[in-house]
Amino acid sequence: MRVLMEKLVVLSTIWISLFQGWMVQSVEYDHTASIEASDVVSSLSVSIDLLLNRGIWRLLLMCELYLDSLSESILKLKLHKRTSINCLSKLYGIVVAVQDLTRSNQHAMHMQCLRDPMKPLYNGGIIQNGEFNSGLMGWSTRRDFKAGVSSSPSGNKFAVVQRVASLYGADAAAAPSHSVYQKIWLQTDTHYSLSAWLQVSAGTAHVKAFVMSPSGERVVAGSVSAQSGCWNMLKGGMTSYSSGHGEIFFESDAPVDIWVDSVSLQPFTFDEWDAHRLRSADKARRSTVRVVARGTDGAPMANATVIIELLRAGFPFGNTLTKEILDIPAYEKWFTSRFTVATFENEMKWYSTEWTQNNEDYRVADAMLKLAQKYNIKIRGHNVFWNDQNSQMKWVSSLNLNQLKAAMQKRLKSVVTRYAGKVIHWDVVNENLHFNYFESKLGSNASPQIYQQVGQIDHNAILFMNEFNTLEQPGDPNPVPSKYIAKMKLIRGYPGNGGLKLGVGLESHFSTPNIPYMRSALDMLAQLKLPMWLTEVDVVKGPNQVKYLEQVLREGYGHSSVNGMIMWAAWHAKGCYVMCLTDNNFKNLPVGNLVDKLIAEWKTHKTSATTDAGGAIVLDLPHGEYNLTVSHPSLETKASIHAMTVGALSSEHQINIKG
């Protein structure tokens, strides 16, 4: 009876979710799949048979088998084969998974400051009493700190640790503020997804989440700019490489009381994490296409041989380009045979085109652009301005306000007009979360005004806000996702900027990547619903450079909101910035071999097929541009070649042989 009831609960949950059109996402992604309400009645009977035959406990242990079988059933109903209910963890039941994934999607859509926090993701995971409905049970405080549980007018309970200034004496203002903490048990080789809702007693404060590892290391798992008067969500994570006791807690360098609620820490084995990423990449980067070949008489062409050739991958993947390519044929051959997009390392920057005032020189940039166009390599415009005061020419730094405005107007019009329609993106005010040179000179609206002027000249290019450490360093207070989102909304909200084509640029300069944090940051930034690129990917040299780069590139490729990636691995004879792909003879180094492996993997597809009696073949293809070559005895010796573009919305392609 108990098992039967559990089955009925699962089925009713699936029924409700399908009927309401809930969007069910994979772990920590905003990757969604839906089933139309008209298909619910027929699919429900299939789901009932599936669940009754396999049994609820077997499904708990064999989640992947369940997903495969459900996908097959949905195929029979003529739905897209990837439409399925994703499982969040083999440790949790299907009901919990569906509910938590739905709630996670709701969280992603409500990242603004809320009057009351939302429920904890994954029912809190391994956290005990994450909503503080049982007081401080399971939680502790540092010695001599005052802690308690308070309630909002709506009845929501949360933990408060009061800052006691008398404990610090003269150093009170410099001492960190603490939250309650909880002792936890961490597993070996496990990714942990962290979320919590935070508020501070006054003003705004940068609050960091820490997980103390079994080795005693204080790992920054995420941070947020928390406000008073409403609740902000912090999303992050960390990886444990050993098992043992740990702790989770929150701190701020500001003299505030930290309020905490809806804490969650959910474990995922490496295999579980990778499986979700692979499934997500498959859904975001590939499509199933039915190709039908018809003869000159319009009849289906059975038993035709179709050769499938991928001409250009749909997902933009590239590298940084340097002027040396103009003089070294081996460099040109190596680069152009691999990449479809590129960024000039320095050659388009202001200090490269006008090192001496009023002496502009675009010859190098023009030549590099001409070479890229020869190979149909798309170029990102990098950059119009750089907000770092240390990157300004001496003559710029010496200008008075009016002179600076005139020089900036000249630069902006010169470079944007010259390359409008020739570049796909502009990094408009580079790194303007870390730096504020132009704001310090022109006022707080300098960046929105510059974006507006660039957009008025170049109507087609996407205007990016390019920043570092948003993905790389969860403890850096300047570019945390909440501040990035706020800055982007400031730019978009400036009068006249509502129609700008804006983009999220994430430089991605990594040392040791925190993959769970990277995914959570991408999830948060995805709420902007803007094109998002990893623009300068590299990993510092070390014994794990290849391993770490592979993790970063796979994580970016697997996230549906990432629209392209460019590495910051420009070749120089005297050495690269931090990461070289080749030696000076343009023979791949281990990092270059990894890049080639991924390019080949992401292009993998069936290269030939034979049509059935209805003249059709069904192909699972990466997005991109293809040539299909059709051979058939009726065509004698002449094969028929047809172009085909496969994208996210592709489903069927007709090949009509002309007489």
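Okay, let's start with the cysteines: taking the bonded ones in sequence order along the chain, they pair up 1-2, 3-4. A disulfide here is a pair of cysteine sulfur atoms within 2.5 Å, and searching the whole structure turns up two of them.

Before I go on, the ground rules. This is a predicted model, so local features need pLDDT of at least 70 and side-chain atom pairs count only at pLDDT 80 or more, while totals for chains, interfaces and linings use all residues. Residues are numbered from 1 along each chain as its sequence is written, and side-chain values use heavy atoms, with hydrogens and water left out.

Back to the disulfides. One of them joins Cys-113 to Cys-230, with S to S at 1.8 Å. The angle about that S-S bond is 95°, and the link of Cys-113 and Cys-230 is right-handed. Where do Cys-113 and Cys-230 sit in the chain? Cys-113 is in the loop between helix H5 (94–108) and strand S3 (146–151), and Cys-230 is in the loop between strand S9 (218–227) and strand S10 (232–240), so this pair links distant parts of the chain, 117 residues apart. Helices (H or I, at least four residues) and strands (E, at least two) are DSSP runs, by the way, numbered from the N terminus.

For burial, I'm calling a residue buried under 20% relative accessible area, exposed over 50%, and partly exposed in between, using a 1.4 Å probe and protein chains only. Cys-113 has 23% relative accessibility, so it counts as partly exposed; Cys-230 has 14%, so that one is buried.

The other disulfide is between Cys-576 and Cys-580, with sulfur atoms 1.9 Å apart. That link is right-handed too, with 110° about the S-S bond. Cys-576 counts as buried because its relative accessibility is 18%, and Cys-580, at 23%, is partly exposed.

Next, the sheets. As a reminder, strands of a sheet pair through backbone hydrogen bonds, either parallel or antiparallel. For us, two strands pair if DSSP finds at least two bridges between them.

There's an open sheet of five strands, in the order S3-S4-S12-S7-S10, with antiparallel pairing. Which strands stand at the edges? That would be S3 and S10: each has a single partner strand, so one side of each has no neighbour in the sheet. The twist averages 35° from one strand to the next; angles run from 0 to 180 degrees between N-to-C directions, and axes are lines fitted to C-alpha atoms, for helices over the stretch in contact.

Look at strand S12 (residues 258–269): 10 of its 12 residues are buried, so call it mostly covered. On one pairing, S12 runs antiparallel to strand S4 (residues 157–162) over three bridges, with Ala-159 facing Val-260 in S12 as a bridge partner. With strand S7 (residues 190–200), S12 has 10 bridges, also antiparallel, and there Tyr-192 stands opposite Pro-267. S7 then pairs antiparallel with S10 over nine bridges, and Leu-198 has Asn-232 in S10 as its bridge partner.

Helix H6 (residues 270–285) packs on this sheet, touching S7, S10 and S12, and its direction makes about 90° with that of S12. Contact, throughout, means heavy atoms within 4.5 Å. Helix H15 (residues 515–525) lies across S7 and S10, at about 155° to S10.

At 32% relative accessibility, Lys-157 is partly exposed. Leaving out residues up to four places away in sequence, Lys-157 touches several others, including Glu-131, Val-149 and Asp-261. Phe-132 is 25 residues from Lys-157 along the chain, yet their C-alpha atoms are separated by 6.0 Å.

There's also an open sheet of four strands, ordered S24-S14-S26-S27, again with antiparallel pairing. Its edge strands are S24 (608–610) and S27 (640–646), each pairing on one side only. Three bridges join S14 (residues 305–313) to S24, and Ile-307 stands opposite Ser-608 in S24.

Last item, a helix pair. Helix H11 (residues 401–419) and helix H13 (residues 446–457) pack at about 35°, with axes 10 Å apart. Among the residues that meet are Met-408 and Leu-412 in H11, and Ile-450 and Val-454 in H13.
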